[in-house]
Amino acid sequence: MLDYINYAVFGWYPYLALTVFLLGSLVRFDREQYSWRSGSSQLLRRRQLMWGSNLFHVGILVIFLGHFFGLLTPIWVFDTIGISHGAKQMMAIVVGGVAGIVCFVGLTMLLHRRLFDPRIRRTSSFGDIAILILLYAQLILGLLTITVSLQHLDGEEMVKFMFWAQGILTLQPSASQYVADAAPIFRAHLFLGLTIFLVFPFTRLVHIWSAPVWYLGRQGYQIVRTTRRGVHPAE
């Protein structure tokens, strides 16, 4: 029974979550473009929003990139460049821990602002609050996994998660066996992470797809106002 649950949660649930994540985002962009926004309330408690948002986005970006490259980079790449499993594990603990704390501080400020300012609370939807709480819970779980990782500094536990993620990406549901004996807190972290992908299209997180990164490479321009003499109609 436990093997079946593990196979369903970590073998097939990832495909459900990622399918809804991609198709749901596409459908929402096509049919509900007006709702494709972050829903900012920046006119209220602007300083707290600025600090909280900046800390949260910097932290979450480092965490995302760390997870993305850490889990999906083939192991032979690390072996080729001479990074051992233990060194990779320690790097993940240090960098991920610092980024996690930065993100935690920022998200705490955003959640406090959203929940305890009466005006912002009244204008917040259920989804606005729910996704912040979901991210908060996931972040706390991620930080707590560090205590377990410190007990496995050889990096072998991390290798299991790499095999799992890369197996799922290459359409191998049987990769769920790699995390069957993982610590419960890691399994909860994985499940909640997949759930965030599942609900992504139905929340304000969709504004991530509209990040204006193209502005970084765009040439500057200047608006010039010209004065033209009026044209008098022929008499």
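Is aspartate 117 buried or exposed? In this predicted model, aspartate 117 is buried, because its relative accessible area is 5%, below the 20% cut-off. The residue is placed in the loop between α4 (85–116) and α5 (118–123). Its side chain reaches the backbone nitrogen of arginine 119. The distance is 3.0 Å.

Helix α1 covers residues 2–31. At 1.5 Å a residue, its 30 residues should span 44 Å. The end C-alpha atoms lie 41 Å apart, which agrees with that expectation. At tyrosine 13, α1 bends by about 45°. A proline, proline 14, follows within four residues.

Both tyrosine 13 and proline 14 belong to the buried residues of α1. Among the others are Asn6, Phe10, Gly11, Tyr15 and Ala17. Further along, the list includes Phe21, Gly24, Ser25 and Arg28. The cover over these buried residues includes two helices, α7 (156–169) and α8 (184–199).

The structure holds 10 aromatic pairs. One of them joins tyrosine 13 and phenylalanine 191. The two rings are stacked, 5.3 Å centre to centre, with 25° between the planes. This pair links distant parts of the chain. Tyrosine 13 lies in helix α1 and phenylalanine 191 in helix α8, 178 residues apart.

A second pair is formed by phenylalanine 21 and phenylalanine 200. Its geometry is edge-to-face. The centres are 4.9 Å apart and the planes stand at 70°. Phenylalanine 21 is part of helix α1, while phenylalanine 200 is in the segment after α8, so this pair ties together parts that are 179 residues apart in sequence. Here both partners are buried.

Ring pairs also form a cluster. Tyr7, Trp12 and Tyr15 are linked in this way. Of these, Tyr15 is among the buried residues of α1.

A ring also takes part in a contact with a charge. The charged end of lysine 88 sits over the ring of phenylalanine 78. It lies 5.2 Å from the ring centre.

Note on methods. Residues numbered from 1 in each chain as written. Predicted model: local features only at pLDDT ≥ 70, side-chain atom pairs only at ≥ 80, totals over all residues. Heavy atoms only, no water. Expected span 1.5 Å × (residues − 1). Bend = angle between axes of the 7 residues up to and from the residue. Buried < 20%, exposed > 50% of the residue type's maximum accessible area, 1.4 Å probe, protein only. Contact = heavy atoms within 4.5 Å. Phe/Tyr/Trp six-rings, centres within 6.5 Å; stacked < 30°, edge-to-face > 60°. Lys NZ or Arg CZ within 6 Å of the ring centre and 35° of its normal. Polar contact = N/O pair within 3.5 Å; in protein donor to acceptor, adjacent residues only side chain to side chain.
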